[in-house]
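Work through the exercises below with the sequence and coordinates open. Each task is followed by a stepwise solution.

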Amino acid sequence: MKALARSYCYWSGMDKEIERVARSCSSCSVNANENAKVEVHPWELPDGAWQRIHIDFAGPIKGQMILVIVDAYSKWTELFVTKTTTSTWVINKLRQLFTCFGLPVTLVSDNGSQFTSKEFEDFLREQGISHLTSAPYHPSSNGLAERGVQSMKQSLRKMSEDGGTLESKIQNFLIQYRRSPHSSTGVSPFEAMFGRPMRNTLTLMKKVPKNTSRNKRCVKRSFPIGTMVQYRNYQPGPKWFVGKVVKKIGQFNYLIKLRDGSTCKRHVDQMKRSYVNSIQGGVM
């Protein structure tokens, strides 16, 4: 919370006030985690995002299961609500993610039947993904997924008195989690994954300069009065005609004089400088 607040604003005594608000939250106090335990399975940090992903199921929660997928490098988390936990369903969800992020090098899971089935193993083998499983009855061996499950459950418990569906609460958790700086990386999961901060409602507190790069590129391609240009022809005949610029209309449009004395208007994107004096059908 402190890191997220500091990235957008500052006021005197900010840290103490944030601590006071957090400590006075009854839902947070009731659902607080126990003291951190010693990491029993230290994983090496991958070289980049989406190289090793950890996967697990949480639930049942309100009669539904939640598939939890965590990227080891960025801590990016994906959550999917489901009433089925079959290998086929998991494979379909992984295919969706792979279209966005590509194929990971390694996938870590527990020994659930959906993760150890021949169908699942064949799928990973076909994709060239190495599969590692944690020790039976020892979920902390798959620590990243376990922590993702615990964070999600804790957040849902804190929102138990709020209205809305399970899906809406999960989306609320994800937006808060993905935009907040992570304690182990110093940046948000979103920024670690995509290399840029997430634009969100807090971003509106900052005045962001309007992106005018496209306009600047267009303005640089200008045609002074009297310039010979080729302009796009949209009638039967040659693709380009030659004419002379006689007037600039606004920022991007030009009036071009033809050989017969008539004129036509073209956008700067429909014009280019001419290095010839004539083109069949459009001679000056």
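**Exercise 1: a hairpin**

Task: find which residue takes a positive phi in the hairpin of E7 and E8.

Solution. Gly-250 has a positive phi near 70° in this hairpin, where three residues lie between the strands. The model is predicted: local features need pLDDT of at least 70 and side-chain atom pairs pLDDT 80 or more, while totals for chains, interfaces and linings use all residues. Residues are numbered from 1 along each chain as its sequence is written, and side-chain values use heavy atoms, with hydrogens and water left out. Helices (H or I, at least four residues) and strands (E, at least two) are DSSP runs numbered from the N terminus.

Next, take the pairing (two strands pair if DSSP finds at least two bridges between them). E7 (residues 240-249) and E8 (residues 253-257) run antiparallel and are joined by five bridges; Lys-248 stands opposite Tyr-254 in E8. Strand E6 (residues 228-232) is also antiparallel to E7, with five bridges, and Met-228 stands opposite Lys-244 in E7.

**Exercise 2: a helix span**

**Exercise 3: a loop asparagine**

Task: is Asn-200 buried or exposed, and what does its side chain reach?

Solution. Asn-200 sits in the loop between helix H9 (189-194) and helix H10 (213-220). Its relative accessible area is 9%, so Asn-200 is buried. The side chain of Asn-200 makes a polar contact with the side chain of Arg-179 at 3.2 Å; such a contact is a pair of N or O atoms within 3.5 Å, and within protein one must be able to donate a hydrogen and the other to accept it, with residues adjacent in sequence counting only if both atoms are side-chain atoms. The Asn-200 side chain also reaches the backbone oxygen of Met-198, at 2.9 Å. Leaving out residues up to four places away in sequence, Asn-200 touches Tyr-8 and Arg-179.

Definitions and conventions: Buried < 20%, exposed > 50% of the residue type's maximum accessible area, 1.4 Å probe, protein only. Contact = heavy atoms within 4.5 Å.
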